[in-house]
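Take a moment to look over the whole fold before reading on.

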Amino acid sequence: MAVLEVRDLEKHFGSTRVLKQISFSLEEGQALSVIGSSGSGKTTLLRCLNFLERPDGGKILVRGETLFDAADPATWNENSVREKRLHFGLVFQNFNLFPQYTALQNVILAPELLSKDRKRGETSGNARASGGNAGGKTDRAALEQKGMELLEQMGLADRAGHYPHQLSGGQQQRVAIARALALSPDILCFDEPTSALDPELTGEVLRVIRELADRRTTMMIVTHEMAFARDVADQIIFMDGGVIVEQGDPKQVIDNPKQERTRRFLAHYARN
């Protein structure tokens with residue numbers, strides 16, 4: 001069973017159709033790269049999958065469960081959308097770290113807030129039975145331990161107490177990756193993860209993503225790094241004008257594209 005299935009996804013902004021019947025699937029442990037020119041719909045696709053935008057048509061399924069169906073309004077409401085977002089972890093272009101929090105605090109903030117929200121849903125009797133403040137201290141210690149493990153995985157264990165302004169762009173992006181992993185999402189999504197970095201810092205972020213791919217982390221990567229997409233991804237999608245023009249094996253799509261539009265796009269990157 002596919003981890004992610006997208007069927008005929010549509011998104012309109014006014015009269016502009018930004019996504020037009022987008023369909024694909026992603027298997028457990030696969031990395032999918034999405035390439036295309038600016039304005040082709042790549043970021044909008046990620047935002048729809050992460051429930052930051054409401055699609056106007058189609059379906060989104062994770063592990064066989066229908067998370068969104070445009071034909072069923074009950075699949076989109078505030079409470080359910082918050083829970084459904086937990087299936088996805090999103091790493092933004094510009095890090096989006098909270099400047100007032102340390103690297104470790106940024107990583108554990110979302111799990112800590114989620115834990116508090118879920119405890120609020122318990123009855124007072126259940127809360128007392130769980131140990132009150134002692135349980136809270138235990139939870140915090142467990143969150144910090146996991147946060148430190150993730151920072152260590154990113155090569156940043158010695159930067160746990162640093163604030164974002166004390167970190168390089170590459171280090172901030174690695175903290176953002178750790179933060180996205182902290183909720184153990186089914187699919188980890190990257191939106192141009194190196195676009196805000198100086199060239200010398202790009203390599204360290206790509207190296208982390210490559211390591212995640214080697215560990216068979218299920219990922220979607222919107223990227224302009226063509227060589228990286230070809231070498232790391234299990235499949236690739238080329239989008240243009242809100243549609244999937246070509247998809248398949250990365251080496252075939254990039255080295256021997258079938259569609260003329262794909263060839264023109266790749267020739268442009270080759271010249272630059």
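This is a predicted model: local features need pLDDT of at least 70, side-chain atom pairs count only at pLDDT 80 or more; totals for chains, interfaces and linings use all residues.

Residues are numbered from 1 along each chain as its sequence is written, and side-chain values use heavy atoms, with hydrogens and water left out.

Start with the whole. The protein has 10 helices and 10 strands. These are DSSP runs, numbered from the N terminus: helices are H or I with at least four residues, strands are E with at least two. The C-alpha trace spans about 65 × 45 × 35 Å along its principal axes. Of the 272 residues, 49% count as buried. Buried means under 20% relative accessible area, exposed over 50%, and partly exposed in between, with a 1.4 Å probe and protein chains only. Contact means heavy atoms within 4.5 Å. Of the contacts with a separation of 6 or more, 67% join residues 24 or more positions apart.

Now turn to strand 1, residues 4–13, where glutamate 10 lies. Is glutamate 10 buried or exposed? It is buried, because its relative accessible area is 11%. Its side chain makes a polar contact of 3.1 Å with the side chain of histidine 12. A polar contact is a pair of N or O atoms within 3.5 Å; within protein, one must be able to donate a hydrogen and the other to accept it, and residues adjacent in sequence count only if both atoms are side-chain atoms. A polar atom of the glutamate 10 side chain also lies 3.1 Å from the backbone nitrogen of glutamine 21. Beyond neighbours within four places in sequence, glutamate 10 is in contact with residues including Leu19, Pro55 and Asp56.

Arginine 7 is in strand 1 too. Arginine 7 counts as partly exposed, because its relative accessibility is 35%. Its side chain joins that of glutamate 5 in a polar contact of 3.1 Å. Glycine 58 is 51 residues away along the chain, yet the C-alpha atoms of arginine 7 and glycine 58 are separated by 5.5 Å.
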